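These are my notebook entries on one protein structure, kept in the order in which I looked things up.

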Amino acid sequence: MLHTTENALLRRIAVEQAESRAPSLVAAVVRGHELVWTGARGKVDGSTPTTETQYRIGSITKSFVAALVMRLRDEGRLDLNDPLDKHVPGTAIGAVTIAQLLAHTSGLTSESPGTWWERAEGADFAALDKSLATDALRHRPGAKFHYSNVGYGVLGELVARLRGASWLEVLEAEILKPLELNRTTPHPIAPAATGWAVHPYADVLLHEPTPDAVAMAPAGQLWCSVLDLARWNRFVGGDTGDVLSPDTVAEMREPAHIDDDATWASGYGLGLQVLKVGGRRLVGHGGSMPGFLAMNLVDPKTGTGGVIMANSTGGVNIGGVAADLIELTEQHEPVLPAEWEPLVEADPALLALTGQWHWGPTPYVLKLLPDGWLSLVPVSGRGRQSRFRPEGGDTFTGLDGYYSGETLRVHRDGSGSATHLDLATFVFTREPYGVSESIPGGVDEQGWRTREG
């Protein structure tokens, strides 16, 4: 990156480390499929932390667990609308669905009953299940967003039941090894930062415990290096390797619910947080455990991502720093658009479909995109618009907005010429209300008039 960009990024984390009194922090910037910058401030064991130094990433662990669940969904092993009882029978919370657990809309209590789980040695799932036997629900399932660490402990057990191995063993085999995340582990492996609490009124430190959470581990157990977290940032942005399809990760990024109805500044998808910051929609996850804070954010539109980890219980504005790393990068080195090139090939039948179509009296433009995709956009630029992926023949599936998941069909006459488009029962014709026999309810026989009457 340019020296001016690197200096701006370094200054941002330097100011944060100094003003927030973080014992140490590490950060990185990702662009597309590349790690383009790393920086560090403070000390770990007397030295500046490196790109291999591990920090505990807390609830970022949830995004890994969610990816394991989505792999099971894509394999047909479960449906997101399945009740938990179908796969983990006998619990007191069996009626909640897998989707509700992923999106924190199950209504489950936020923390496991009993001892403060983040600071105490954990117990197995049988003990967790027993603790939930009474008074586990705080809200009607599906009614609202209510963050639940317990829900991800349950999802870890779901993965274990369906795979016949612990969620950690499944994580290692299905995500960590394929993505070469060699410094992501359930327990610290040197070099690793020590977790500290910083006294609010004096520059002194208190050592924080890092126990094994066991059944609650899927909620926040993992440790990670900044190199590994940067690779996971790329995954969230769509560079998924063979672990999940980009379409599935895009599905995870879509808000399933929002947690601040008044402003809609933050929401939650399927294991991923969604934030609106300065006109950008950023996706990822934050994490905190005693002694540690972490944030992983990416702008899927530009492919620019920021990650940060610190060994402090509180006080570091990790969300603000990660978002600022993205914004500074975009300000100093905005992404250049890809060079325009003509299509390698164009199906004549699809090319003949392009141009103006009308939904009733409203004109739209249909454009041909690479790989046989189509784009349908109102001429005014306002209103419903979508891209459509070919499914074979004259059938396409909507990918965006109102028409996401809906079917677009091309209807043809005996000569093979397109007569009209059917989009989720809406009819589009070349002329306003053209092809009257295709318009439900017909078209007034008197046609267009110069005035009423």
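**Entry 1: overall make-up.** I note at the outset that this is a predicted model. I looked up the secondary structure and found 10 helices and 20 strands in the protein, and along the principal axes the C-alpha atoms fill a box of roughly 85 × 60 × 45 Å. I then looked up burial, and buried residues make up 48% of the 453 residues. For the contacts with a separation of 6 or more, I recorded that 59% are accounted for by residues 24 or more positions apart.

**Entry 2: nonpolar cores.** Which residues touch the most other members of the largest nonpolar core? Of the 77 residues in that core, I listed Phe64, Leu102, Leu155, Ile175, Trp232 and Phe235 as the ones that do. Helix α2, which covers residues 61-74, gives the most to this core, with eight residues.

**Entry 3: the largest pocket.** I looked up the space in the largest pocket, which comes to about 1200 Å³. The lining consists of 34 residues, and those closest to the pocket centre are Ala250, Arg253, Glu254, Arg387 and Asp400. I then asked which elements give two or more residues to the lining. They are α7 (226-237), α8 (246-253), β10 (280-289), β11 (292-299), β16 (386-392) and β17 (395-398), and the one that gives the most is α8, with five residues.

**Entry 4: a serine in a strand.** I looked up Ser375, which is found in strand β15, residues 374-378, and which counts as buried at 13% relative accessibility. Leaving aside neighbours within four places in sequence, I found Ser375 in contact with Val365, Leu366, Lys367, Leu369, Ser386 and Arg387. Arg387 had already come up in my pocket entry, as one of the lining residues closest to the pocket centre.

**Entry 5: aromatic pairs.** How many aromatic pairs does the count come to? I recorded 10 aromatic pairs. Trp359 and Phe426 form a tilted pair, with 5.2 Å centre to centre and 45 degrees between the planes. This pair links distant parts of the chain, since Trp359 is in strand β13 (residues 355-359) and Phe426 in strand β20 (residues 426-429), 67 residues apart. Trp359 is partly exposed, with a relative accessible area of 29%, and Phe426 is partly exposed as well, at 25%. Tyr402 and Tyr403 form an edge-to-face pair, 5.3 Å centre to centre with 90 degrees between the planes, and Tyr403 counts as buried because its relative accessibility is 1%. I also noted that ring pairs link Tyr55, Trp223 and Phe292 into a cluster.

**Entry 6: charges over rings.** I next looked for charges placed over aromatic rings. Arg384 lies over the face of Tyr402, at 3.6 Å from the ring centre, while the charged end of Arg119 sits over the ring of Trp116, 5.4 Å from its centre.

**Entry 7: backbone.** I kept in mind that most residues other than glycine have a negative phi and that most peptide bonds are trans. A cis peptide bond joins Ala190 and Pro191, with omega about 0 degrees, and Pro191 is found in the loop between α6 (167-176) and β4 (196-198). For Asp45 I noted a positive phi, near 55 degrees, in the loop between β2 (34-42) and β3 (55-56). Is Asp45 buried or exposed? Asp45 is exposed, because its relative accessible area is 69%. Ala424 has a positive phi as well, near 50 degrees, and is found in the loop between β19 (418-423) and β20. I recorded Ala424 as partly exposed, with a relative accessible area of 27%.

Key: Residues are numbered from 1 along each chain as its sequence is written. This is a predicted model: local features need pLDDT of at least 70, side-chain atom pairs count only at pLDDT 80 or more; totals for chains, interfaces and linings use all residues. Side-chain values use heavy atoms; hydrogens and water are left out. Rings of Phe, Tyr and Trp (its six-membered ring) pair if their centres lie within 6.5 Å; planes under 30 degrees apart count as stacked, over 60 as edge-to-face and the rest as tilted. Helices (H or I, at least four residues) and strands (E, at least two) are DSSP runs, numbered from the N terminus. Buried means under 20% relative accessible area, exposed over 50%, partly exposed in between (1.4 Å probe, protein chains only). A charge sits over a ring if NZ of Lys or CZ of Arg is within 6 Å of the ring centre and within 35 degrees of the ring normal. Contact means heavy atoms within 4.5 Å. A nonpolar core is a set of buried Ala, Val, Leu, Ile, Met, Phe, Trp, Tyr and Cys residues joined through side-chain atoms within 4.5 Å. On a 1 Å grid over the protein atoms alone, a cavity is a set of points where a 1.4 Å probe fits but cannot get out, and a pocket is an open set with protein on both sides within 12 Å along at least five of seven lines; lining residues have an atom within 4 Å of a point. Grid points are joined across faces, edges and corners, and a volume is the space filled by probe spheres set on the points.
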